[in-house]
Amino acid sequence: TSTWTQIRARFVNVANATPVTPFTNWTMAATSIQDAIEIADHGDLVVVSNGVYAVGGKAIASDLTNRVALDKAVTVTSVNGAEFTIVQGAWDAATNGPAAERCAWVGNWATLSGFTLHGGATRSSGDINTLQSGGGVWGLSQNAFARDCIISNNAALQSGGGVFGGALFNCTVANNRATDGGGAYRADLTQCIVRGNLGYRYGGGINSCQARSTL
């Protein structure tokens, strides 16, 4: 006998005037990406229309909000790619601090595909890894995936201004900053472009990363 798992799609459109759970078509689409993730089951697909997604989110560690938190094995993908679909984090007045919000947290066997992740930051105190690192994307392991994304203009007080952990494929990591690994720290990068990042102490581009076919 065989067991079949039904993969369902949840839809997100920031401009939708009539969001209705369970967000299973464009007419009922959620306006927040996190709302759709929350109702999704493991293995589901969350499909996101064009727009700037700058509200909603979820804290995973302490009170640091992630604009999107893929805390289950789902795929979150845009319709038209990173140029048209932006996940907007938030800087504190001094970049990293109590009002900062990270762009994305990605868990094991979850995939974030086709987004610009912009303007995220971290706490300036608390746990060095979970709260002070990964301003743009924080990946739980090398089984946490980001594909075809632009990760830009994010900041971390400690490590990985753009990315901390995770595995990136065909991504651009640009103009991020941190103390160590301005672009990426402890991440696995394949066919990526890394440019214009700043590390105040070590690794302006990448630090403690594996990089394959990466410029």
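Modeller: What follows goes from charged pairs to cysteines, then to the sheet and the cores. This is a predicted model, in which local features need pLDDT of at least 70, side-chain atom pairs count only at pLDDT 80 or more, and totals for chains, interfaces and linings use all residues. Residues are numbered from 1 along each chain as its sequence is written, and side-chain values use heavy atoms, with hydrogens and water left out.

Start with the charges. Side chains of opposite charge can pair when their charged atoms come close. The whole structure holds 9 salt bridges (a side-chain nitrogen of Lys or Arg within 4 Å of a carboxyl oxygen of Asp or Glu). One of them joins aspartate 41 to arginine 8, at 1.9 Å from N to O. Aspartate 41 sits in the loop between α1 (33–39) and β2 (45–48), and arginine 8 in the segment before β1 (9–12), so this pair ties together parts 33 residues apart in sequence. Helices (H or I, at least four residues) and strands (E, at least two) are DSSP runs, numbered from the N terminus. Aspartate 41 is partly exposed at 35% relative accessibility, and arginine 8 is partly exposed at 34%. On this scale, buried means under 20% relative accessible area, exposed over 50%, and partly exposed in between (1.4 Å probe, protein chains only).

Another salt bridge links aspartate 71 and lysine 58, at 2.5 Å from N to O. Aspartate 71 is in the loop between β5 (65–70) and β6 (75–78), while lysine 58 belongs to strand β4 (residues 58–59), so parts 13 residues apart in sequence are tied together. Aspartate 71 is partly exposed at 30%; lysine 58 is partly exposed at 25%.

Next, arginine 67 bridges to glutamate 101, with the closest N and O atoms 2.5 Å apart. Arginine 67 is in strand β5 and glutamate 101 in the loop between β7 (85–88) and β8 (102–106), so the pair links distant parts of the chain, 34 residues apart. Arginine 67 is buried, at 6% relative accessibility. Shared partners also join Arg8, Arg10, Asp41 and Asp44 into one network of salt bridges.

Now the cysteines. The whole structure has 0 disulfides (a pair of cysteine sulfur atoms within 2.5 Å). The sulfur of cysteine 149 has its closest cysteine sulfur in cysteine 171, 4.8 Å away, which is too far for a bond. Cysteine 149 is buried at 2%, and cysteine 171 is buried at 1%.

On to the sheet. An open, mixed sheet has 7 strands in the order β4-β5-β8-β11-β14-β18-β22. Its edge strands, β4 and β22 (206–207), each pair on one side only. Two strands pair if DSSP finds at least two bridges between them. Strand β11 (residues 137–139) and strand β14 (residues 163–164) run parallel over 2 bridges. Tryptophan 138 stands opposite phenylalanine 164 in β14.

Last, the cores. A nonpolar core is a set of buried Ala, Val, Leu, Ile, Met, Phe, Trp, Tyr and Cys residues joined through side-chain atoms within 4.5 Å. The largest has 36 residues, and Ile33, Leu70, Val76, Phe115, Leu117 and Leu168 touch the most other members. α1, β2, β5 and β8 each supply at least two of its residues. Leaving out residues up to four places away in sequence, isoleucine 33 touches Val12, Val48, Tyr53, Val68, Val76, Val87 and Phe115 (contact means heavy atoms within 4.5 Å).
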